[in-house]
Amino acid sequence: MSFPTTPTSSSAPSSVPSAPSSASSGAAPEVAAPNQADLLAFVRRVAADRDLIASLPLDPEGRTWVRLEGPGGSEAWLIGWPPGTGTGWHDHAESVGAFLTASGELKENSLAVRLPADGWKTLELDEGYDRERRLTAGQGRAFGRHHVHEVLNESRTEHAVSVHAYYPPLPQIRRFSRTGPVLRLESVERPQDWQ
């Protein structure tokens, strides 16, 4: 993901779509864990809520965000991206996810390789692993576990807004630096670092 540095709120506005609820008969209904397609459908629905998207406070200096109620216990975020901001290289550990650009345009650089979960500090990548996507308003993607990417707003003048969802809720984010083909593990963040 894509966690910003300055929170604007820790709870979702009441208009945020969430997973459907069922009538209670005393016992809690069993809800299936959301998969990548479910998360992509959710971020698409949220991005279509123009009032919600417009309600996100935008800061000219740093990213802003609001935590949302995602489907089936997933973690979800609405994020504002000032011109020239980005996440740096990172992954989402064991979580699957999806994100969609609600306004503006974002660029995603990703690696078409699954990295080892643990036990390494530096890897040299072979040629052909780099992927680039430009995601304009209404475009998004889902991804699997250990997806390594960076997300950027390369515009010099326009903010972008995006919606992100992860399941299970993020246990950690590994942050990387990259110099040519060399990828280095720089730090590991846990939920208490961004909430």
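Which side chains meet in a salt bridge at 2.7 Å, N to O? They are those of Arg 178 and Asp 130, where a salt bridge is a side-chain nitrogen of Lys or Arg within 4 Å of a carboxyl oxygen of Asp or Glu. This pair links distant parts of the chain, with Arg 178 in strand E12 and Asp 130 in strand E8 (residues 130–136), 48 residues apart.

The structure is a predicted model, in which local features need pLDDT of at least 70 and side-chain atom pairs count only at pLDDT 80 or more, while totals for chains, interfaces and linings use all residues. Residues are numbered from 1 along each chain as its sequence is written, and side-chain values use heavy atoms, with hydrogens and water left out.

## The chain as a whole

The chain has 3 helices and 13 strands. Helices (H or I, at least four residues) and strands (E, at least two) are DSSP runs, numbered from the N terminus. Of the 195 residues of the chain, 44% count as buried; buried means under 20% relative accessible area, exposed means over 50%, and partly exposed lies in between (1.4 Å probe, protein chains only). The accessible surface of the chain comes to about 9600 Å², and carbon and sulfur atoms hold 48% of that surface. Accessible areas come from the Shrake-Rupley method with a 1.4 Å probe, and for residues only the protein chains shown count as cover.

Among contacts in the chain with a separation of 6 or more, 79% are made by residues 24 or more positions apart. Contact means heavy atoms within 4.5 Å.

## The nonpolar cores

A nonpolar core is a set of buried Ala, Val, Leu, Ile, Met, Phe, Trp, Tyr and Cys residues joined through side-chain atoms within 4.5 Å. The largest such core has 20 residues, of which Val 43, Leu 68, Leu 78 and Val 163 touch the most other members. At least two residues of this core are supplied by each of helix H1 (36–47), helix H2 (50–55), strand E2 (64–69), strand E3 (75–81), strand E5 (96–103) and strand E11 (160–167). The largest share, 6 residues, comes from H1.

Val 43 shows how one member is placed. Leaving aside its neighbours within four places in sequence, Val 43 is in contact with Ala 98, Phe 99, Leu 100, Val 163, His 164 and Ala 165. A second, separate core of 14 residues includes Phe 99, Leu 135, Phe 143 and Val 151.

## Salt bridges

A search of the whole structure finds 12 salt bridges. The table presents three of them, with the relative accessible area of each partner.

| Lys or Arg partner | Asp or Glu partner | N to O distance |
|---|---|---|
| Arg 178, 24% | Asp 130, 45% | 2.7 Å |
| Lys 107, 11% | Glu 154, 41% | 3.4 Å |
| Arg 134, 39% | Glu 132, 48% | 3.8 Å |

Lys 107 is buried, whereas Glu 154 is partly exposed. In the salt bridge between these two side chains, Lys 107 lies in strand E6 (residues 105–111) and Glu 154 in the loop between E10 and E11, so the pair ties together parts that are 47 residues apart in sequence.

Arg 134 is partly exposed, and Glu 132 is partly exposed as well. Salt bridges that share partners join Glu 105, Lys 107, Glu 132, Arg 134 and Glu 154 into one network.

Ser 110 is found in strand E6. With a relative accessibility of 2%, Ser 110 counts as buried. Apart from neighbours within four places in sequence, the contacts of Ser 110 include Trp 89, Tyr 129, Asp 130, Arg 131 and His 149.

## Backbone features in the loops

In the loop between strand E4 (89–90) and E5 lies Ala 93, whose phi is near 55 degrees, a positive value in a residue other than glycine. Ala 93 is buried, with a relative accessible area of 4%.

His 146 is found in the loop between strand E9 (140–143) and strand E10 (149–152). The phi of His 146 is near 60 degrees, again a positive value in a residue other than glycine. His 146 counts as buried at 4% relative accessibility.

Pro 168 lies in the loop between E11 and strand E12 (173–179). A cis peptide bond joins Tyr 167 to Pro 168, with omega about -5 degrees.
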